[in-house]
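Me: I'd like a close look at just one part of this one. Please stay with that part and connect it to whatever surrounds it.

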Amino acid sequence: MDNSGVKNLQSELVDIDADALREAERVFAQGILDTMPGKSVARASYEETRVVLTMTDGTEYYFYGFLGESGLR
């Protein structure tokens, strides 16, 4: 079996810039938040890997990755 593809993928994963990924997620989250004027949050919860906002109309929004290592508690 040829494992060269797996080794190449592993080297690409190691080279991910965590700060750039966090910033990209922050920008994505801000874009979602910008669509919310006039809506009301019914519930917000912090899970192990994400923040979940549930709006009064039942819509749920999920936010990942921009919290940093310490996260929200």
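Reply: Let's take strand E2. E2 and E3 pair in the antiparallel sense, over five bridges; strands count as paired when DSSP finds at least two bridges between them. As for the names, helices (H or I, at least four residues) and strands (E, at least two) are DSSP runs, numbered from the N terminus.

Before going further, keep in mind that this is a predicted model, in which local features need pLDDT of at least 70 and side-chain atom pairs count only at pLDDT 80 or more, while totals for chains, interfaces and linings use all residues. Residues are numbered from 1 along each chain as its sequence is written, and side-chain values use heavy atoms, with hydrogens and water left out.

Back to the E2/E3 pairing, residue by residue. Arg50 has Tyr64 of E3 as its bridge partner. Val51 sits across from Phe63, and Leu53 faces Tyr61. The two strands form a hairpin with four residues between them, and Gly58 in that turn has a positive phi of about 90°.

Put together, you get an open sheet of three strands in the order E1-E2-E3, with antiparallel pairing. E1 (41-46) and E3 (60-64) are the edge strands; each has a single partner, so one side of each is left without a neighbour in the sheet. Neighbouring strands are turned by 15° against each other on average, direction ignored. Helix H2 (residues 18-33) packs on the sheet, where it touches E2 and E3 (contact being heavy atoms within 4.5 Å), and its direction makes about 160° with that of E3. Those angles run from 0 to 180 degrees between N-to-C directions, using axes fitted to C-alpha atoms, for helices over the stretch in contact.

How enclosed is E2 by the rest of the structure? Largely so, because five of its six residues are buried. Buried means under 20% relative accessible area, exposed over 50%, and partly exposed in between (1.4 Å probe, protein chains only).

Over on E3, Tyr61 and Phe63 make up the covered face, and Glu60, Tyr62 and Tyr64 the uncovered one.

Met55 touches Met36, Lys39, Ser40, Val41, Ala42 and Tyr61, not counting residues up to four places away in sequence. Thr54, also in E2 (residues 50-55), counts as buried because its relative accessible area is 14%. Skipping neighbours within four places in sequence, Thr54 is in contact with Val41, Ala42, Arg43, Thr59 and Glu60.

Which side chain meets that of Arg50 in a salt bridge? Glu47 does, at 2.6 Å, N to O. The rule is a side-chain nitrogen of Lys or Arg within 4 Å of a carboxyl oxygen of Asp or Glu, and by this rule the count comes to one salt bridge. Both residues are partly exposed, because Glu47 has a relative accessible area of 32% and Arg50 one of 22%.

Zooming out, the protein has two helices and three strands, following the pattern α-α-β-β-β along the sequence. Among contacts between residues at least 6 apart in sequence, 31% join residues at least 24 apart.

Mean pLDDT (the predictor's confidence in each residue, from 0 to 100) is 76, and 67% of the residues reach 70 or more. Confidence is highest in E1, at 91, and lowest in helix H1 (residues 4-14), at a mean of 62.
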